[in-house]
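Visitor: I would like to learn how to read a loop residue and a helix in a model such as this one. Could you take me through it step by step?

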Amino acid sequence: MTADRIRAVVADDSVLLRDGVVRLLTDDGIDVVAAVGDADALLDAVTEHEPDLCLVDVRMPPTHTDEGLKAAVEIRRRHPDIAVLVLSQYVEERYAGELLAGDVAGVGYLLKDRVIDVQDFLASLRRVAAGGSAVDAEVISQILGRSRKTGELDRLTPREREVLNLMAEGLSNGGIAERLVVSNGAVEKHISNVFMKLGLDPEDGNHRRVMAVLTFLRA
């Protein structure tokens with residue numbers, strides 16, 4: 001990725017949504033090198049342009065089920081240095097789990113209906129492009145519901161579970177405190193308890209924290 005400008009490919013079969021996202025990114029100083037409407041065109045565009053980031057919808061032609069997410073997994077397999085941010089209305093659990101099963105550096109999964117602040121969305125996009133992560137709490141929750149085999153999460157209090165979900169979204173301690181309207185000290189205490197109860201070593205940095213959460217969820 002260049003120092004200041006992100007090169008992105010946008011993949012969404014909805015022309016209106018695709019054009020809207022392209023305009024949003026362009027206005028924010030991001031170079032959209034290709035905008036495509038299906039998974040094959042996405043893979044071709046990645047090969048041709050080698051972007052820094054792909055912004056991918058899940059459901060695209062021909063079946064409108066999971067083609068986009070499959071393409072996102074394939075992009076990560078072929079080009080692990082290219083960041084992928086899935087932006088969808090749906091959580092396709094099987095391939096979402098596969099996408100998040102490996103190194104989550106440069107991986108994000110956000111839900112369109114839960115994006116309520118454009119600046120927050122752009123900040124998440126830039127974080128993923130820079131090698132961080134951004135995963136919606138609802139995505140984690142659904143993957144958790146599908147794959148969790150033990151009751152380890154039951155050891156957490158409701159507040160600790162809430163903090164854990166916000167950590168998985170990539171929020172800093174300050175961001176979590178602001179979201180929950182509590183002090184930074186209270187957040188630090190909850191995080192310490194989460195790591196202790198899950199047997200995880202707390203480490204500084206949003207990305208490492210998300211990796212710890214996802215590692216836990218895959219256990």
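Visitor: Where is His64 found?

Guide: His64 lies in the loop between β3 (53-56) and α3 (67-78), where helices (H or I, at least four residues) and strands (E, at least two) are DSSP runs numbered from the N terminus. The model is predicted, so local features need pLDDT of at least 70 and side-chain atom pairs count only at pLDDT 80 or more, while totals for chains, interfaces and linings use all residues. Residues are numbered from 1 along each chain as its sequence is written, and side-chain values use heavy atoms, with hydrogens and water left out.

Visitor: Which residues does His64 touch, not counting those up to four places away in sequence?

Guide: Contact means heavy atoms within 4.5 Å, and on that basis His64 touches Asp13 and Arg59. His64 is partly exposed, with a relative accessible area of 38%; buried means under 20%, exposed over 50%, and partly exposed in between (relative accessible area, 1.4 Å probe, protein chains only).

Visitor: Which residues of α1 are buried, and why do they line one face of the helix?

Guide: An α-helix has 3.6 residues a turn, so residues three or four places apart point the same way. In α1, the buried residues are Arg18, Val21, Val22 and Leu25. Seen down the axis of α1, they fall within an arc of 100° (taken from the directions from the helix axis to the C-beta atoms), so they line one face of the helix. The covering of these buried residues includes β1 (7-11), β2 (31-36), β3 and α5 (118-129), whereas the face turned away from the buried side carries the exposed residues Leu16, Arg23 and Asp27.
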